[in-house]
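Hello,

Here is the structure for your review.

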Amino acid sequence: MEKFRWVIIGCGSIANKVASELVKYEEFEICAVWNRTKQRAEQFAKKYGGKVFNTAEEALKLGDADCAYIATTHDRHLYYSKLAIQFGIPVLCEKPVTVNHKQAQEVINFAKEKGVYFAEAMWTWHNPVSLKVKEWITQNKIGEIKRFYASFAVPMVQFIKNPRLTTPDLIGGALLDIGIYPVRYALELLGKPKSVECRGVVSGGVDYEEKIIFKYDNFNAEIFVSMKRLKGEKLVIEGSDGKICVPLYHKAKSAKLTGKCSERFKISNLLYGLQLKNTAKEIKNGLKESKFCPFESTLETMALLDECRRQLGLKYPCE
């Protein structure tokens with residue numbers, strides 16, 4: 001069987017996590033690798049395979065890949081995604097897919113113009129647990145929704161010594177790095193809110209924490225995000241007939257439904273691997289847009305994040 005070939009652009013921690021699952025599938029291989037620091041690319045290739053190239057342009061042009069996985073810092077997602085599309089290579093780009101809605105629309109329009117597959121690597125919505133939770137909501141298993149609460153609060157800045165988190169030029173901050181998960185979750189389950197309120201802590205050009213309220217007709221969705229405080233990662237949706245609880249929801253392996261209906265859903269999948277398999281299948285089938293992460297969801301999420309940043313008074317140097 002001919003293998004599906006990946007070119008990896010950016011060899012940081014997330015790329016290593018993805019590659020560690022990618023190599024467990026016989027149908028995949030890494031054919032080309034590039035990183036801004038060549039030594040890191042060489043270490044990556046030694047561990048996972050692939051030919052190291054001196055430039056991203058060479059890796060994309062000469063790597064003979066079926067798909068480019070873009071895992072650079074957020075500020076370079078737009079550039080490398082468009083570069084791959086220019087060479088006619090399908091793209092799976094890490095979240096946030098760009099810095100803002102305008103850039104997201106730009107790269108999506110470019111992909112449509114060139115007729116090349118493009119998708120955000122929002123692995124949460126390839127996860128059967130998230131899809132099951134969405135099904136429970138769609139099927140009205142908890143009745144009329146009364147409350148939505150999601151937290152993603154981990155003191156990352158205390159135990160991850162990575163300048164990416166706190167550097168404005170690299171699009172540091174909590175909102176786009178981890179806040180994107182609860183914002184996207186609310187959007188997927190509840191639709192676009194009637195209005196948005198966002199208050200937070202901004203220092204040195206990046207956000208460290210925010211409280212976000214999405215207002216709907218009969219309830220509010222409450223979101224708490226922090227990269228300096230420990231309040232955990234959990235999702236609770238309360239309704240007139242029951243409740244849904246999802247621990248570690250952005251990478252969940254289980255969800256629990258209680259009330260008039262009772263169900264516990266569990267999986268044991270490799271979640272990054274599942275995202276890769278779904279992406280490869282869509283590309284092989286000739287799709288240009290992901291069914292798991294459609295353009296509309298990506299754009300609507302970026303618009304909500306833009307509004308949160310507007311209220312915070314947070315603008316990045318590249319904007």
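In what order do the six strands of the open sheet lie? The order is E3-E2-E1-E4-E5-E6, and the pairing is parallel. Strands pair here if DSSP finds at least two bridges between them. Strands (E, at least two residues) and helices (H or I, at least four) are DSSP runs, numbered from the N terminus. Strand E3 (51–52) and strand E6 (118–121) are the edges, each pairing on one side only.

Before going on, the ground rules. This is a predicted model, with local features needing pLDDT of at least 70 and side-chain atom pairs counting only at pLDDT 80 or more, while totals for chains, interfaces and linings use all residues. Residues are numbered from 1 along each chain as its sequence is written, and side-chain values use heavy atoms, with hydrogens and water left out.

Back to the sheet. Strand E1 (residues 4–9) pairs with strand E4 (residues 67–70) in the parallel sense, over four bridges. Ile8 has Tyr69 in E4 as its bridge partner. Helix H4 (residues 77–86) lies across E1, strand E2 (28–34), E4, strand E5 (91–94) and E6. H4 runs at about 175° to E5. Axes are lines fitted to C-alpha atoms, for helices over the stretch in contact (heavy atoms within 4.5 Å). Angles run from 0 to 180 degrees between N-to-C directions.

Next, salt bridges. The count comes to 20, taking a side-chain nitrogen of Lys or Arg within 4 Å of a carboxyl oxygen of Asp or Glu. Burial is by relative accessible area: buried under 20%, exposed over 50%, partly exposed in between (1.4 Å probe, protein chains only).

- Asp217 and Lys194 meet at 3.8 Å, N to O. Asp217 is in the loop between strand E9 (206–215) and strand E10 (220–226), and Lys194 in the loop between helix H8 (174–190) and strand E8 (195–203), 23 residues apart. Both are exposed.
- Arg229 and Glu209 have their closest N and O atoms 2.6 Å apart. Arg229 lies in the loop between E10 and strand E11 (232–239) and Glu209 in strand E9, so the pair ties together parts 20 residues apart in sequence. Arg229 is partly exposed at 34%, whereas Glu209 is buried at 8%.
- Glu319 and Arg309 have their closest N and O atoms 2.8 Å apart. Glu319 is in the segment after helix H10 (295–312) and Arg309 in H10, ten residues apart. Glu319 is partly exposed at 31%; Arg309 is buried at 3%.

Finally, a network of salt bridges links Glu120, Lys134, Arg184 and Glu188.

Best wishes
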